[in-house]
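Take a look at the picture first.

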Amino acid sequence: MKPTDIAAPDYFHKVVDCQWACPAHTPVPEYIRLIAEGRYSDAYMINWKSNVFPGILGRTCDRPCEPACRRGRVEETPVAICRLKRVAADFKDDVKHRMPRLSAKNGKRIAIIGGGPASLAVARDLAPIGYHCTVFDGDPKAGGMMRTQIPKFRLPDSVIDEETDYILNLGIEFKGGHRIDSLKKLLSENYDAIFVGSGAPRGRELDIPGRKEAASHVHIGLDWLSSVSFGHTDKIGKRVIVLGGGNTAIDCCRTARRLGGEDVKVIVRSGFEEMKASPWEKEDAMHEDIPILNFMVPVAFAHDNGKLTGVTFQKVKAEYDAKGRRNLVPTGEPDQTIECDDVLVAVGQENAFPWIERDCGIEFDKWNMPKVDPKTMGSSNPKVFFGGDAAFGPKNIIWAVAHGHDAALSIHKLCSGEDITERPLPEVQISSQKMGIHEWSYDNDISADKRFKVPHRDKVVALKDIRAEVELGYDVKLALGEAQRCLNCDIQTVFSAPLCIECDACVDICPMDCITFTENGEETDLRARLKAPSPHPDQDLYLADGLKTGRVMVKDEDVCLHCGLCAERCPTGAWDMQKYLIDMTYAGSSCPSKSRSAA
């Protein structure tokens, strides 16, 4: 193997698995350390730069960072990264004075369609550097699906108002209640660029017998949630069936419980483990006495002269072909009809672009989706960019934010006459954490604590008030305990071969047997010869040569705890613990830097 180039910006970024997994590349260990120090405002601003909505995401994120958390490799549960993000939002001071200082206007006008997370991320990045951003939204207030389709018992309006206001107060023109009916007309108004962040606003229909006849009590989940959010709907029948296995279905069933549903069931086609809903969402539903029935396919709405009486289901089972592909096949059991008063259909979302004329230079694919470059977020019309659900279909808020950053950078380059396909490398700051012979500037003790549970409001109280937030969040003591579970994966073990005397003290002290001194060889061969063989080729090996014996030092990044014991034990200082702060480059260069926000 060739020696590892640890100067490459991506190398240690990939080692920080949580940050690498986050679509917005939030520097997770950095803000968790600040929380442990009680520096909540600093932690909030680091989050704000990357993921834009710390308070919102701290309650609603799909948490792609947590399955990647290295803590999950040494025990069952990862660090509660998402809920610690909320801690920063809950306990911060007033941060208005820490928002970006606005530059003089540069004369460029950007139209942004939709007021959801992708659109607001674009505006947040571009407005501080002189762009006049106009956000158009059909709803009176900004937030998009965060405001209209996430129940208030999960995400209070006060949190949405606060975090959307931080952005709108950056000199952004918000035109609420202004729906765009024609992209061609907008293009004629000579904007320098247009961003489409209109989401996937249409719930998928379920066209089975009885749908039209029972229409008055069969509701599309997305529309129903919006109607509840705006106060147009405040009750539902006592017996409710929710069809679908995603997070929208879970939001529907939990909302129905609070609007009078006494017997609420979620019924899905697939198995319980294959549901798209997040595991914690399913747990919350079951905690509220909502059963989830699986392997049942709806085949008809039962009705009596137009009055819904139930839903008839075919029972199915999963079978797999030689390539491991799943098919649902009938079990042969009799169909089952489950009685109900109302049905909420949450079987998926669809994009709708009736307002984009097909002759305005934007190509669509066979699924009637715009063709979007996943790197630049650009369409076939050089002035039009897409992001969030409008670009690639339904995902989640953190992906929408990442799309917004990418699109904003492309728009900035377009307006500056640069090639939008050339993306700058992230900024990397390196600093030794050595404070003494055996002392570091961070707490490197490995906590033995298991994951701390987030306190919840009493179920009886929660089910009586649709606006009573169910999760109460960590208090300061619980937050400190959870923060100390972080393994500080951005504090890297950096090796200097010229200082090494090959005494093997680091090998002896390592609690994970992840350091090996051996003869070089091909990577597959080396992985098998390590002190603890490495079966995960997707995680890099750190290899350094230049040792006096001709051997190489190999460290398996997959299992390293970043505890620093190797550096403490080394008699020559060949090992050092160095913090690699990786800052992704966004368009808004005047946004607060990490060094400023942590000052």
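## Inside the fold

Helix α8 (residues 117–126) is mostly covered, with ten of its ten residues buried; buried means under 20% relative accessible area, exposed over 50% and partly exposed in between (1.4 Å probe, protein chains only). Helices are DSSP runs (H or I, at least four residues), as are strands (E, at least two), numbered from the N terminus. This is a predicted model, where local features need pLDDT of at least 70 and side-chain atom pairs count only at pLDDT 80 or more, while totals for chains, interfaces and linings use all residues. Residues are numbered from 1 along each chain as its sequence is written, and side-chain values use heavy atoms, leaving out hydrogens and water.

Now for the nonpolar cores, meaning sets of buried Ala, Val, Leu, Ile, Met, Phe, Trp, Tyr and Cys residues joined through side-chain atoms within 4.5 Å. The largest one has 95 residues, and Ile35 and Phe386 have the most contacts inside it. Helix α16 (residues 397–415) gives this core its largest share, eight residues. Apart from it lies another core of 28 residues, including Ile491 and Cys560.

On to charge: a search of the whole structure turns up 55 salt bridges, each a side-chain nitrogen of Lys or Arg within 4 Å of a carboxyl oxygen of Asp or Glu. Here are some of them.

| Pair | N to O distance |
|---|---|
| Glutamate 75 and arginine 71 | 2.9 Å |
| Arginine 204 and glutamate 350 | 3.5 Å |
| Glutamate 502 and arginine 551 | 3.0 Å |

Both glutamate 75 and arginine 71 are buried. Glutamate 502 counts as buried too, at 14% relative accessibility, whereas arginine 551 is partly exposed, at 21%.
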